[in-house]
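Subject: Structure for you to look at

Hello,

I am handing over the structure we spoke about, and below it I have written out what was found. Please keep the model open while you read, so that you can look up each place as it comes.

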Amino acid sequence: MFVAPDPGRARLRHATRAVLGIALAVAAAGLAGFPLPAMCGGGLAALLAFFVVADARVGGQAVTTLLLPVTGLPVLTAAAFLHPYPLARDAAFVAVVLAGVYARRWGARGHALGVFAFMMFFIAQFLHAVPADLPELYAAIGLCLAVAALVRFGVWCYERGAAPAPTVALAQPPGLRRPTTRQAVQAATAAAGALAVGQALSQDRWYWAVATSWWIFVNTASRGETLVRGFRRVLGTATGIVAGFALALPLHGAPVPSALLVALCVFGIFYSAPVSYSWMTFFVTVMAGTLYGLLGVLHPALLVLRLEETGAGALWAALAVLLVLPVTTHAATDAWIQRALESVRDFTARAARHPAGDDGADLAVRAAELDLVLGRVRASVAPLVHPLSPLRARRERAGHVLRLLDACAHQIRGLAEVVAHPEAGHDERLTAACRRVEDAVHRLVAPGTEQPRPEPEAVPDGAAHPHTERALGHLRVLETALADLAAPLHADPRAPLAA
């Protein structure tokens, strides 16, 4: 919870650059003479530009950033013009939710544009924007996005020249079974219910319930993941509200300390988001309270209302994911475990054919892909290994599977390093060992079938090279871990692990 790895200081750099870019964007809006609401809107747009744009290549990130206002400003305009017409406004908000989630089928860019469109509608409600406010909002958002882009792609573009980050995805079934279609229907259902309950709680701040239901559906694939994410959302909000009483309320909207607290929260949002949804929500809640203080509307009852609206949104997200086109945790987890095993098989197949003296860049990418897939496995398994889960047998089994998959990943990383060493040579024992690993994966993904293999060639005489022995050691441990996976993967998930 408090200590998480940060390889290459990636989270630290990302969070620091975001604080720098957002601070400069808001400062530019202030120097341009925009009023405080427009500065808040522009600052939130800059935050989103850093937070949601995640294309693999820098050029793709720049294009997506350029498209943000193209998608978001029409939504902001519609929200402002529909403000006097609650029924039309509510229907439009649910439609934006449906379209925003459905857009995720087009990858990272679709996801970013969908989130930005949703948040533009949310910002219009947050600022109570009306058509007369639009020119200032357009200009402030455009200026802040431009400054954020200048910082990200000009002043501090640490991604330039680096290899693009690997991406992974599962095969997409058709129709309503397609994850984006199913989630779009679920999210729209949850948004409609959250909107109704949110308005029953407050006619002014109902949009917090819709925002809660929206963000709970981001990066989830099963009902278990969604339920755990909802729990963490409520937990982070509750602790953030307690901190708001201690930090935001005493400031009484004082500009300088409030701005410093907002900057600290922005850093916390970006630094914690990849590793802890609860911590990220905590910082979002404190930041929102501080912004309300800057706008002069913060009071204790508002913080309590925020918790009530969050609970309403989380409840409707839970109901939607349980009752509308549900996908079980077991089904989602099984799909990602199969994907992880396929990654192991693909890596060893490439390792067997790896030419001597090659730099091993392709093997490193494959190893990174496996780490990415294992991240999705952990997220999918999270409901089963959660301390509050009453399913003890499944919790033990899921934890055992995770430990074995982590062992596989550790051996894969070591093997990638050894095989790519300049002094590593070709040895038929390595080829044979890689084939055995491939066979072990085949027995896991297709039990009861055999995969014919040619007989390995004779082992050359002479002493084995140390790199060859290290590689063989990694492959032996990998083969053992794969063999041990057979019991927890193929047995009844409700039975005790010892069976």
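Let me begin with a pair of helices: helix 7 and helix 8 are roughly antiparallel to each other, because the angle at which they pack is about 155 degrees and angles over 145 degrees count as roughly antiparallel. Please bear in mind throughout that this is a predicted model. The axes of helix 7, which covers residues 179–201, and helix 8 are 7 Å apart, and the crossing of the two is right-handed. On the side of helix 7 the contact involves Ala-190, Ala-191, Ala-194, Leu-195 and Gly-198, and these meet Ala-209, Val-210 and Ser-213 of helix 8. Sorted by class, the residues of this contact are 6 nonpolar and 2 polar, with no charged residue among them.

A second pair is formed by helix 3 (residues 58–81) and helix 6 (residues 134–155), whose axes come within 11 Å and cross at roughly 165 degrees. That angle makes helix 3 roughly antiparallel to helix 6, and their crossing is right-handed. Among the residues that make the contact are Val-58, Leu-68, Pro-69 and Phe-81 of helix 3, together with Leu-134, Tyr-138, Arg-152 and Phe-153 of helix 6. By class, this contact between helix 3 and helix 6 has 15 nonpolar, 3 polar and 1 charged residues.

The contact of helix 16 with helix 18 contains 17 nonpolar, 5 polar and 3 charged residues.

Now to the spaces inside the model. A search of the whole structure finds 4 cavities of 30 Å³ or more, and the largest cavity has a volume of about 340 Å³. It is lined by 17 residues, of which Leu-47, Met-119, Trp-215, Val-284 and Met-287 are the closest to its centre. Two or more lining residues come from each of helix 2 (36–52), helix 5 (107–126), helix 8 (207–216) and helix 12 (277–294), and helix 12 gives the most, with 5 residues. What classes of residue make up the lining of the largest cavity? There are 16 nonpolar residues and 1 charged residue in that lining, and no polar ones.

Finally, there is the second largest pocket, which has a volume of about 670 Å³. Of the 32 residues that line the second largest pocket, Thr-329, His-330, Thr-333, Leu-384 and Arg-394 are the closest to its centre. The elements that give two or more residues to this lining are helix 9 (223–246), helix 14 (329–352), helix 15 (361–385), helix 16 and helix 18, and the largest share, 6 residues, comes from helix 14. By class, the lining of the second largest pocket has 19 nonpolar, 9 polar and 4 charged residues.

With best wishes

How values were computed:
Residues numbered from 1 in each chain as written. Predicted model: local features only at pLDDT ≥ 70, side-chain atom pairs only at ≥ 80, totals over all residues. Heavy atoms only, no water. 1 Å grid on protein atoms, 1.4 Å probe; cavity = no way out; pocket = protein on both sides within 12 Å on 5 of 7 lines; lining within 4 Å. Points joined across faces, edges and corners; volume = space filled by probe spheres on them. Helix = DSSP H or I, 4+ residues; strand = E, 2+ residues; numbered from the N terminus. Nonpolar A, V, L, I, M, F, W, Y, C, P; charged D, E, K, R; others polar. Axes fitted to C-alpha atoms, helices over the stretch in contact; angles between N-to-C directions. Parallel < 35°, antiparallel > 145°, perpendicular 65-115°, else oblique. Left-handed = near helix turned anticlockwise from the far one by under 90°. Contact = heavy atoms within 4.5 Å.
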